[in-house]
Amino acid sequence: MSTDRTERLFEEGADRATYVQTMFSEISSRYDLMNRVMTVGQDQGWRRRAARAVVRPGDTVVDAGTGTGDLAFACIDAGAAQVIGLDFARPMLMRARTKALRGEFGLTGFALGDATHLPLPDASVDVWCSAFVVRNIPDLDAALREAARVLRPGGRLVVLEIPKMEAGPLRPFARVHFNQVVPRLGRLISGHRSAYAYLPVSVDHFLTPREFTARLRDAGFEVTLVRRMMFGTVAMHVAQKPAATTV
Ligand SMILES: C[S@@+](CC[C@H](N)C(=O)[O-])C[C@H]1O[C@@H](n2cnc3c(N)ncnc32)[C@H](O)[C@@H]1O
């Protein structure tokens, strides 16, 4: 897919969700390998850090856009009693299920589900988490509304994402990494023509960490931590649903 066609996915009325669902379904077999290579082996450490930031022993957790399940597994390792991994790309979920069968992951369950229409009751989970997903959701506010709905009062949220880079001396290097290195590596490893060309375009259309903090606050969350990692190319936001009021 050319850059122009990728750009068009971000125009009003474009069906970006279907593109994302199809694309992840097509790259599922190489997705984990590509993650390890692209992040020089750092990505699992970020997921562990995210899980430890919010999970308390005995928690019920929903992992929205769980993909191949790595954040869900990190939440079990961090002490969660039960993790529900939801994703709208079935082949990604099949990978997660296979990994769950191979490991000691307690009560992890994986099911088809859309982050903008969670198949869960109100105030039913202690933690809502998501890694490298929200940038791909056209209606971000709907996803945040759903997170607020399913979290119990006082519940916690953590989001890992590749933010739009803030101005600074490292931005040119990050641009070369995402615009030149990642698409080439991605094509080589995944064999998919457009998936990793979509990635830098989606980052450009996303929010800086400050802007995402504002969106979380607009959705009613109290933002408790914003951490920039890997020279600012990855951001972790931790937030809480207020204990007494409804969001
Ligand atoms: C970059 S992968 C991240 C997977 C996983 N969270 C991880 O840490 O590796 C993005 C995943 O989000 C899923 N996704 C994107 N939009 C979604 C939505 N609206 N509802 C459910 N899943 C979604 C995709 O199918 C894909 O599996």
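Select helix α4 (residues 70-77) and then its surroundings: the buried residues of α4 pack against α3 (43-54), β1 (60-64), β2 (82-87), α5 (90-102), β3 (107-112) and β4 (125-131). Helices here are DSSP runs of H or I with at least four residues and strands are runs of E with at least two, numbered from the N terminus. This is a predicted model, in which local features need pLDDT of at least 70, side-chain atom pairs count only at pLDDT 80 or more, and totals for chains, interfaces and linings use all residues. Residues are numbered from 1 along each chain as its sequence is written.

Seven of the eight residues of α4 are buried, meaning that 20 or more other C-beta atoms, placed from the backbone, lie within 10 Å of the residue's own; among them are L71, F73 and I76.

Next, select α7 (residues 171-190) and α8 (residues 195-204), whose axes, lines fitted to C-alpha atoms over the stretch in contact, come within 7 Å and cross at roughly 150°. That angle makes α7 roughly antiparallel to α8, a term for angles over 145 degrees between N-to-C directions.

Finally, select strand β7 (residues 234-240), which is largely enclosed by the rest of the structure because six of its seven residues are buried. On one pairing, β5 (residues 151-161) runs antiparallel to β7 over six bridges, where two strands pair if DSSP finds at least two bridges between them, and E161 stands opposite A235. On another, seven bridges join β6 (residues 222-229) to β7, also antiparallel, with M229 partnered by V234. The hairpin of β6 and β7 has four residues between the strands, and M230 in its turn has a positive phi of about 45°.

Notes. Buried ≥ 20, exposed ≤ 12 C-beta atoms within 10 Å, placed from the backbone. Contact = placed C-beta atoms within 7 Å. Axes fitted to C-alpha atoms, helices over the stretch in contact; angles between N-to-C directions. Parallel < 35°, antiparallel > 145°, perpendicular 65-115°, else oblique.
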